[in-house]
Amino acid sequence: MPENASLARLLPARPEGRPLHPVTPWRRAWAPVAGIAAFAAQDFERTREWAGHLSLGWLLLAVAVLLPVAAGYGFLSWWCTAYLVTDTELRIRTGLLFRRTSHIRLDRIQAVDVGRPLLARLVGVAKLKLDVVGTESKDELAFLGEAEAVALRAELLARAAGIAPEAAPAAGEAPAREMLRVQPRTLVVGLLLIGTGWGALAAAVAVPTLIYLASHSLFAALATALPFLGGLWKGSLGRFLREYDWAVAESPDGLRIDHGLLDREHATVPPGRVQAVRLVEPLLWRRRGWVRVELDVAGADKEEGSGVLVPVASWEEARGVLARVLPGTDLDAARAALEPAPERSRWCFPVYRRGYGHGVTGSVFVTGAGLLRRRTTLVPHAKVQSVRLRQGPWQRRLRLADVAVDHGANGHTTARLRDADGAHALVRAQAERSRTGRREAAPERWLL
């Protein structure tokens, strides 16, 4: 009997479909190592005492046993994973001990993103993340060869658009037209002008220093510095690495977003799935006329950075991109429609109430908030799911109320401190605008 046949008899039955890239076992090999590390961390002192009695020979023997076990686990996990595209669904079979099969209907796919982490780019592989209607998290295929990942993405999007199964593999990647690209210099200047990084840096220096002078404990000072250093990373260098070379392109399957210096991400914002848009203007950006654009997308996960459409751009550039996201919406008219809170609201928020505003146009419900970091939120009338009026005891005394609208991305925006009579009228009028907007809204399709 051939040697390969004998080996195949010892392995579990391989599931039907196409395997992942052969580099994938190395991605899964860390699981046994992580399990041992977690077990050891539960009783660190006993683990350190036990490790201190081991000789160099025993340590080398432990490593010699652990590495093959980890490699074997990674190989068997890869061996038991496969995917298959049928006429109606994508099947993903995984699991070494406990088998799991995901059945993803092709007509429920709303986006397919391509991720290229740094190490994956070095070996020429990529991962696919599938955004499916009705799911909280994305299914993932990691890893595939780059060419295979791009081809599979194009095929899945073609199937989701209704192209015949036999023609979908040959459809190829849809053409795209670049609309905006953020230059690295603009991104750096924008991050420096936000100020959060400077605040985190000052806190990371000042607070641990004070802790050390008060306690003379270096450990306490370093432990205090870690959260501030994490905030510094998140608001400065980490954000720069994530938003580097940000590009937005228009294609028949939606807006394509490419970004990242070390980990390159390729995401798609499907047409018709945007539920709300936020325009963020930090104080020091306003003189330059810069804005940050964030989105709430139905069915999208809440990963860090996943809701960003444009990290920093001029108003003219942002207006061009938003014309694709919110067709028929005049941004200048939406901002001009904002009405400030009544003068008597100063008894609720003497200073901050100056940042509150609310307005309505023919296409969107608009709210404003913030003085130092101004945020303008636009919700299309057709995306409003419900309208609520809220009124606390102090607001009732001042004849004020808040009006909140909920949209399809499990989020909401609130018109704060409105006149009570006007708020009741606003609730009734907005409910009618939402019904009319849904009746007149164009169907959500892939190929427009």
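Me: Where is the place of Leu-371?

Reply: Leu-371 sits in the loop between strand E17 (364-369) and strand E18 (373-380); strands are DSSP runs of E with at least two residues, helices are runs of H or I with at least four, and both are numbered from the N terminus. The model is predicted: local features need pLDDT of at least 70, side-chain atom pairs count only at pLDDT 80 or more, and totals for chains, interfaces and linings use all residues. Residues are numbered from 1 along each chain as its sequence is written, and side-chain values use heavy atoms, leaving out hydrogens and water.

Me: Why is Leu-371 called partly exposed?

Reply: Buried means under 20% relative accessible area, exposed means over 50%, and partly exposed lies in between (1.4 Å probe, protein chains only). Leu-371 has 31%, and is therefore partly exposed.

Me: What makes Ser-102 buried?

Reply: Its relative accessible area is 8%, so Ser-102 is called buried. Ser-102 belongs to strand E4 (residues 100-105). Of the 448 residues of the chain, 42% count as buried.

Me: How do you know that the side chain of Ser-102 makes a polar contact with the side chain of Arg-100?

Reply: A polar contact is a pair of N or O atoms within 3.5 Å; within protein, one must be able to donate a hydrogen and the other to accept it, and residues adjacent in sequence count only if both atoms are side-chain atoms. The value for the side chains of Ser-102 and Arg-100 is 3.1 Å.
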